[in-house]
Amino acid sequence: MSVLEDLLGPRRGFDGGLFLPDFKAVTSRRPIETMPATSPLRVPLTARGDLATHIEVRRGDEVRRGTTLASRAAAEAVAVHAPTSGRIVDIDRAWTAAGGFVDCAVLEPDGRNEAAARRTSWSSESLLQHLADHGVVSPSPTCPGHVLLQSIGASGASDLIINAMETEPYLASDLRTLVEQPGRLIDMTCELADALGAHRVIFALPHRHQRVVRRIRAEAYGRLIDVVTLSERYPQCHPIMLAKSLLDREVPPGGTVLDVGAAVLPLAFIRAGADAWFDDRPVTHAVVTVSGDAVARPGVYRVPIGTTVRSLAEYVGVAEGAQKAVSGGPLTGIALHRDDTVVTAVTTAILFFQTDRVESPVPCVRCGWCVEDCPVGVDPAELFQLEAQQSFEVRHRLGLSACIDCGLCSHVCPAALPLSAAIWRCRSLVGDSPEAS
Amino acid sequence: MSTSPQIATGAWCAAAAPHRFGGATHDRILRAWTFGASIVAVGGIVFFGIAAAKVIAVSILTAIGADWIVAQSRGRPVIGGFSHAVLTGLLLALTLPATIAWYVPFVGAAVSIVIGKALFGGLGHYLWQPALLGRVVVQIVFLNSLTLGPQNPSWPVLGPKHLVTGSLSNGDEVELHRYPGWFRSQIGVTDDALKMPLPSQSLRRFADGRIPAENSLRYEPFVRDWLPPWEDTVIGLVPGGIGETGTLAIIVAGLYLIYRGYLRWQLPVAMIATAALAAALLPIQIADSGGQYDWFPVFADENGRAVGLAYVFYHLTSGGLMLGAFLLAGDMIATPMRGRGQVIFAACIGAMTIFLRLYGVLACACYWSILVMNMFVPAIDRGMKRPILGIEPEAP
């Protein structure tokens, strides 16, 4: 289909990239299912280790769904709420994929899932305050939602891009969200655009999903939102590629989209923000794609925060002998090595695979695929050789810092060379050297 | 909570992203190339008989043996397995004629692997396509059995009803001006093969002005008396190397590789297009004119027939050009990395092939051109860097 996409698809794009087999057939058709909390939850009490929070509960406390477990102690922190009703049996440490060990509250669910009393009247607090108090975080870039909005406001970015591209294989949570609640997404986009004072709002959608595109167009009718479709060439979902495709602005190496006056918000953040802002519902669940060839019931699940990967695997039925578990997409995610890793608010996908890679590397065969497919135009084969020889010069620094870690070079390499890992290593090497200033 | 019965703690592999891969491996690429080359090899065995199969077998076995011996002498296993040796041996055999003695493919394959591949650092590091290096070395070493000197003017191809099983040595000379084409040809009862001049050699003689004109007609007597019918050159029923003649099989093999994504379509297209352009434009010497040249032969028109087009067409289907374009020039290790670099690379090969064929003295012009252009691959690669996103490329 890629040839047809190239001929008939939209013209906007970037050099390089690749159409990947998407493996979304099952996950994108099943409605989002809420996973019940049955086993004890290990709810992380802070979004990140360095964001200080006051722990509001003690061992033995009874909590209800939405009860505040931890409140903000620093300006950048977000509050944490109980995903279900039950009893706090312990305050412990939990392993998270992105942040390592953080404090957690072990919550024994009582099965009744009673909600805490909701506030009936609107307070006069600002949107940012509201998002922070409701624990809204953004998965990419991984930071608290109000901090993300503050940095956008401070940078003066005037173009707001809503990123609903999701071009990585297997992932379907954004697509399901678009199918199931398009109106709320558009409403929240308008709220955020108002708050940020954006001049132009672009809603980026995959061109292939025409029904979704029509639905979003209908919802956005009469609002100042450009609904733009893009081809699903990976890594179109990356903010830097979105700025290139939609605005034709090239982010300088090592920079972010804010440097070129664009702000990119992930759809998961819009969804969580809508829940918090319109329904006064704190973030208690993460919408997670659970898929991969080892999963018996793949799909998009609304998973209580604090669920361990082990109990998630039991719930969806992971085949015995699965060799790989990944938090995030198959090309950019983090491999999990512990089955007591917990689902946090920034988890977007948990993938289980039967096999790991078995081929061992051979010398570069100079196929040139990594060079042609690289979305930012660096030469991974050359950088790999330089990394082996430890012979960097300053002129390679631009290429190194331009890399967006999309993983395509390793993905396509027929010699099974760890190209993207090597580039990542040299970037940390060269970035610290005095010439890098 | 008790531990899960399904997943053992710590059984998952931790590794850096990405976690899923495209599925193309070096071994799979080489197998696809070997499959494509064996399509051509099967065609060669049909046209030239069991003798061709023997040449292929000797070549492949020698290549495997040489690779094994080199690996043993260095005390390490063969990097990437024997797929590359098999492919190199097979490609070398495809460029050799079936009538050759057994020691020619033996020496050629050994030179390919030991000098062409191992001496340059093995897989992924060689500069020249190893099969072609072996081919030109045996061309020089065994000049007498491979050159078409005056003592050996015509080469055999099996006749009708004698395909596969016939013997090439029972040949009967055919007179091309009375030759009705392979399908309708009549050969003697005891003969298995037809002998005729090599088309690429005839084209070279024609370009040198050594084929006499006939009442101011130059192209028409040449095509009639010195070349087999065009459909025979497409199917491969003309003398030549084992894999060189079967244009149709070569194109099928090339399309298969392009479909698999292991050969960029730009490379053969650029090579054939520039070869056609060069053949259409470059001048040829007019016979008995004392060194006058005829430019733009493609526009030649005699008795209302577009004989110039026929001349260009024979240039494309004869010699090693098609085999070079689809199977030999596209070796990943000895070609530029980027698609547009490969276009330049292939265009130079195509033009140089025709140039050497028209004015040069070397046999197998296409293979020499590929080897020459292989040396320019690093330079082409340096000139073909992609601009990095966010940085304005330097003006040339």
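**Close-up 1. Helix 1 and helix 10 of chain B.** Ala32(B), Trp33(B), Gly36(B), Ala37(B), Ile39(B), Val40(B) and Gly43(B) of helix 1 of chain B meet Ala249(B), Ile250(B), Val252(B), Ala253(B), Tyr256(B), Leu257(B) and Arg260(B) of helix 10 of chain B. Residues count as in contact if their C-beta atoms, placed from the backbone, lie within 7 Å. By class, this contact has 11 nonpolar, 2 polar and 1 charged residues. Ala, Val, Leu, Ile, Met, Phe, Trp, Tyr, Cys and Pro count as nonpolar, Asp, Glu, Lys and Arg as charged, and the others, Gly among them, as polar. This is a predicted model, in which local features need pLDDT of at least 70 and side-chain atom pairs count only at pLDDT 80 or more, while totals for chains, interfaces and linings use all residues. Residues are numbered from 1 along each chain as its sequence is written, and chains are lettered from A and ligands numbered from 1 in the order in which they are written.

Axes are lines fitted to C-alpha atoms, for helices over the stretch in contact, and angles run from 0 to 180 degrees between N-to-C directions. Angles under 35 degrees count as roughly parallel, over 145 as roughly antiparallel, 65 to 115 as roughly perpendicular and the rest as oblique. Helices (H or I, at least four residues) and strands (E, at least two) are DSSP runs, numbered from the N terminus. The crossing of helix 1 of chain B with helix 10 of chain B is right-handed; a crossing is left-handed if the near helix is turned anticlockwise from the far one by less than a right angle, and right-handed if clockwise.

**Close-up 2. Helix 5 and helix 6 of chain A.** Helix 5 (residues 182-196) and helix 6 (residues 210-219) of chain A pack at an angle of about 50°, and their axes are 9 Å apart. This angle makes helix 5 of chain A oblique to helix 6 of chain A. Helix 5 of chain A passes helix 6 of chain A in a right-handed crossing. Pro182(A), Gly183(A) and Ile186(A) of helix 5 make the contact with Arg215(A), Ile216(A) and Glu219(A) of helix 6. The residues of this contact are 3 nonpolar, 1 polar and 2 charged.

**Close-up 3. A parallel sheet in chain A.** An open sheet of 4 strands has the order 13-12-11-14 in chain A, with parallel pairing. Strand 13 (225-230) and strand 14 (262-266) of chain A stand at the edges with a single partner strand each, so one side of each has no neighbour in the sheet. On average, neighbouring strands of this sheet are turned by 25° against each other, direction ignored. Strand 12 (residues 200-206) of chain A pairs with strand 13 of chain A in the parallel sense over 6 bridges; two strands pair if DSSP finds at least two bridges between them. Val201(A) stands opposite Ile225(A) in strand 13 of chain A.

**Close-up 4. An antiparallel sheet in chain A.** In chain A, 3 strands form an open sheet in the order 3-5-6, and the pairing is antiparallel. The edges are strand 3 (53-55) and strand 6 (80-81) of chain A, each with a single partner strand, so one side of each is left without a neighbour in the sheet. Strand 5 (residues 68-72) of chain A and strand 6 of chain A pair over 2 bridges in the antiparallel sense. Ala70(A) is opposite Val80(A) in strand 6 of chain A.

**Close-up 5. The contact of chain A with chain B.** Chain A gives 57 residues to the contact and chain B gives 38 residues. Several elements of chain A each supply at least two residues of the side that touches chain B, among them helix 9 (309-316), strand 17 (324-327) and helix 14 (419-431). The side of chain A that touches chain B divides into 32 nonpolar, 12 polar and 13 charged residues.

**Close-up 6. Backbone details.** Most residues other than glycine have a negative phi, and most peptide bonds are trans. Phe23(A) has a positive phi of about 55° although it is not a glycine. Ser140(A) and Pro141(A) are joined by a cis peptide bond, with omega about 0°.

Note on methods. Contact = placed C-beta atoms within 7 Å.
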